[in-house]
Amino acid sequence: MKEQVVAVLDKVRPVLQRDGGDVELVEVSDDGVVLVRLKGACSGCPGATMTLKAVIENLLVKEVPGVTRVVGV
């Protein structure tokens, strides 16, 4: 599952980098919780929670079987 999560994050990464940010995979737990760290401009952005839930979580849950949620750390 971790490889699939990395592949999906690689799809999202260019959009974040265009605005000076990035995303780092921290951990994929056995129960489907993905821990990520927003970096650069994304780490302090007021829209970071929306990016995390509306973009990253929705895409991961849709494209990677077993992913249940995404948590920012």
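**Helices, sheet and cysteines**

Mentor: Let's start with helix 2, whose buried residues are Ala48, Leu52, Ile56, Glu57 and Leu60. Buried means under 20% relative accessible area, exposed is over 50%, and partly exposed is in between, with a 1.4 Å probe and protein chains only. Keep in mind that this is a predicted model, where local features need pLDDT of at least 70, side-chain atom pairs count only at pLDDT 80 or more, and totals for chains, interfaces and linings use all residues. Residues are numbered from 1 along each chain as its sequence is written, and side-chain values use heavy atoms, with hydrogens and water left out.

Trainee: What covers the buried residues of helix 2?

Mentor: The cover includes helix 1, strand 1, strand 2 and strand 3. Helices (H or I, at least four residues) and strands (E, at least two) are DSSP runs, numbered from the N terminus.

Trainee: And where does helix 2 bend?

Mentor: At Glu57, by about 30 degrees. That bend is the angle between axes fitted to the seven residues ending there and the seven starting there.

Trainee: How does the span of helix 2 compare with what it should be?

Mentor: It agrees: 16 residues at 1.5 Å a residue should span 22 Å, and the end C-alpha atoms are 21 Å apart. The expected span is 1.5 Å times one less than the number of residues.

Trainee: OK, helix 1. Which of its residues are buried?

Mentor: Val5, Val8, Leu9, Val12, Arg13 and Leu16. They pack against strand 1, strand 2 and helix 2, with contact meaning heavy atoms within 4.5 Å.

Trainee: Why would residues three or four places apart point the same way?

Mentor: Because an α-helix has 3.6 residues a turn.

Trainee: Where does helix 1 bend?

Mentor: At Val12, by about 35 degrees, and a proline, Pro14, follows within four residues.

Trainee: Switching to the sheet: what's the strand order?

Mentor: It's an open sheet of 3 strands in the order 1-2-3, with mixed pairing. Strand 1 (21-28) and strand 3 (69-72) stand at the edges with a single partner strand each, so one side of each has no neighbour in the sheet. Two strands pair if DSSP finds at least two bridges between them.

Trainee: How many bridges join strand 1 and strand 2?

Mentor: There are 7, in the antiparallel sense, and strand 2 covers residues 33-40. As an example, Val28 has Val34 in strand 2 as its bridge partner.

Trainee: How far apart are Gly20 and Asp31?

Mentor: They're 11 residues apart in sequence and 31 Å apart in space, C-alpha to C-alpha.

Trainee: Last topic, how many disulfides?

Mentor: The structure holds 0, a disulfide being a pair of cysteine sulfur atoms within 2.5 Å.

Trainee: Is Cys42 buried or exposed?

Mentor: Cys42 counts as buried, at 11% relative accessibility, while Cys45 is partly exposed, with a relative accessible area of 37%.
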